[in-house]
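Okay, thanks for coming, everyone.

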Amino acid sequence: WPDDRIPRPVAGPACALSSVSCGGHHVWALTPAGEAWAWGANAFGMLGLGDRRSRTVPERVALPAPAAAAECGYAFTLVRLVGGSVLSCGFNRNGRCGVPAGDERATRSEDGDSLLLRPTPCAAAAEACAAGARRL
């Protein structure tokens, strides 16, 4: 294995980034135009790419509107869109993604623990979002 303690350039995307958020084993980055890129481990769908396959290079995430912010928890991600709606993806056990357990609107994986990128129920437009290791 190469020495991972030495910083080195990330392969792609070939554009300026305005923010980067790191989770336990995954990363999301945003461009000034609100495009989202994700890479790393994806065992619980926290990359928001519609599957659970890990990526070694950044891949663009399809969002319904430009992203204003992205926050990574240990195995989940929150994305605040321009306009204030919030999307979540990843490990949702005990409602970690802001989606109540048993919520039939959730798009879940076959094991019931993971979520694909989906809206998180919010009563009003969010101005900010934050993710801890295992909680919103």
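Two strands count as paired if DSSP finds at least two bridges between them.

Now the caveats. What you're looking at is a predicted model, where local features need pLDDT of at least 70 and side-chain atom pairs count only at pLDDT 80 or more, while totals for chains, interfaces and linings use all residues. Residues are numbered from 1 along each chain as its sequence is written, and side-chain values use heavy atoms, with hydrogens and water left out.

Big picture: the protein chain has 0 helices and 8 strands. Of its 136 residues, 42% count as buried, meaning under 20% relative accessible area; over 50% is exposed and in between is partly exposed, with a 1.4 Å probe and protein chains only.

Let's walk across. Strand 1 joins strand 2 (residues 26-30) through 4 antiparallel bridges, and Cys22 has Val27 as its bridge partner in strand 2. Next, strand 2 and strand 3 pair over 5 bridges, again antiparallel, with Ala29 partnered by Trp37. Their hairpin has 5 residues between the strands, and Gly34 in it takes a positive phi near 90°. Then 4 antiparallel bridges take us from strand 3 to strand 4, where Gly40 stands opposite Arg55.

Why is strand 3 described as largely enclosed by the rest of the structure? Because 5 of the 5 residues of strand 3 are buried. As a general point, side chains in a regular strand alternate between the two faces of the sheet. In strand 3 both faces are covered: Ala36, Ala38 and Gly40 are buried on one side, Trp37 and Trp39 on the other.

Is Leu47 buried or exposed? Leu47 counts as buried because its relative accessibility is 0%. Beyond its sequence neighbours within four places, Leu47 is in contact with Trp28, Trp39, Arg55 and Cys89, among others. Leu47 and Ser88 are 41 residues apart in sequence, yet 9.9 Å apart in space, C-alpha to C-alpha.

Last stop, the largest nonpolar core. By that I mean a set of buried Ala, Val, Leu, Ile, Met, Phe, Trp, Tyr and Cys residues joined through side-chain atoms within 4.5 Å. It has 14 residues, and Trp28, Leu30, Ala36, Ala38, Val61 and Val79 touch the most other members. Strands 2, 3, 5 (67-72), 6 (76-81) and 7 (86-91) each give two or more residues to this core, with the largest share, 3 residues, coming from strand 5.

Note on methods
Contact = heavy atoms within 4.5 Å.
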